[in-house]
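Work through the exercises below with the sequence and the model in view. Each task is followed by its solution.

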Amino acid sequence: MKLPILSLTTILTLTFGALQTAKAQTMPKEELIFLTSEWKGERFADGRPKISDDLVRRAKDINIEEAWVVLKNEGYNCQFEGNWKIVHPDVVIAGRALTAQFMPSRPDIEKNIKDRGAKQGRIGNTNSWPIDMLGKGDVYVADGMGKIVEGTLIGDNLANSIYAKTGNGVVFDASVRDLDGLSKIPGFNAFVRDFDPSYLKDAVVTGINTPIRIGRAVVLPGDLVLGKKEGVIFIPSHMVEKVVQTAEFIALRDKFGIQMLKEGKYTPGQIDSQWTDALKTDFLKWLDKNPNEIPMKRSELDEYMKKRTW
């Protein structure tokens, strides 16, 4: 079999193109699109699915339990992780995942990674590289091997940079330092394994915007990250609309049901069972009287209810 003869111009073009696209430690855009092919909407320049700002905003108000049920019913069994230390327990974070994977340092690997990064304009230690890529609405999610002592991926300086870029927080299977300083950043939050005064040591970033594991959960770049007191759930981008709409509907249904129970109009058995036509009619009347309780457009809710089995 004869191999094609490439001209010098072709070789240079291919080589230059490879250098341009092989950004330090990042997954090729085509591979990321392949892994998230269920997403049919807009994407960021790096290939991540671009979940709408409206859905991100609405996601802050849904319950993790309801989101978990929707994902579980669709076969997504590994999307929640608990057992966190949290900087601000009452601050919810919701945004699109930008992921990073860290591994134990090895001299040859770390040297090669840093040399390539320097040639591509990367500045500072590798734990700052993902931060440089963050944008508004992102959540920085890192697999730091669960390392606590000398596993502190950020302190308050980097945290201020993260919040300035994203308006959000971080989720680290690792630790952070400078808890006092972190606590003074209004609106910022961090879900971490622990707090420790040590500096990061013997760890190097081996992947940015790649699939990672956070405890028992799998995270893809662009997943919706929702962090609340009970833990963090990672919602695949193509499932976000269904999860948010379903959770919002369940919340509406529960508000109506609680009111009916307080008024003694229906029994707990009636509310918690398949709804009768009379109950459905009363619910629709309640919606008409309480439009401010509806978190979505009424037309969107009506369309959703056509497919709902109640």
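Two strands pair if DSSP finds at least two bridges between them. Helices (H or I, at least four residues) and strands (E, at least two) are DSSP runs, numbered from the N terminus. The model is predicted: local features need pLDDT of at least 70, side-chain atom pairs count only at pLDDT 80 or more, and totals for chains, interfaces and linings use all residues. Residues are numbered from 1 along each chain as its sequence is written, and side-chain values use heavy atoms, with hydrogens and water left out.

**Exercise 1.** Determine how β4 is joined to β3 and to β5.

Solution. Step 1: take β3 (residues 93-104) and β4 (residues 138-152); 6 bridges join them, and they run parallel.
Step 1: go on to β5 (residues 170-176), which runs parallel to β4 and is joined to it by 6 bridges. Here K147 has A174 in β5 as its bridge partner.
Step 2: follow the chain from β4 through helix α7 (residues 156-166) to β5; this β-α-β crossover is right-handed, that is, with the strands pointing away from the viewer, the path from the first strand over the helix to the second runs clockwise.

**Exercise 2.** State how many helices and strands the protein has, and what share of its residues is buried.

Solution. Step 1: the protein contains 12 helices and 12 strands.
Step 1: of the 310 residues, 46% are buried (under 20% relative accessible area, 1.4 Å probe, protein chains only).
Step 2: for the overall extent, the C-alpha trace spans about 80 × 55 × 30 Å along its principal axes.

Key
Buried means under 20% relative accessible area, exposed over 50%, partly exposed in between (1.4 Å probe, protein chains only).
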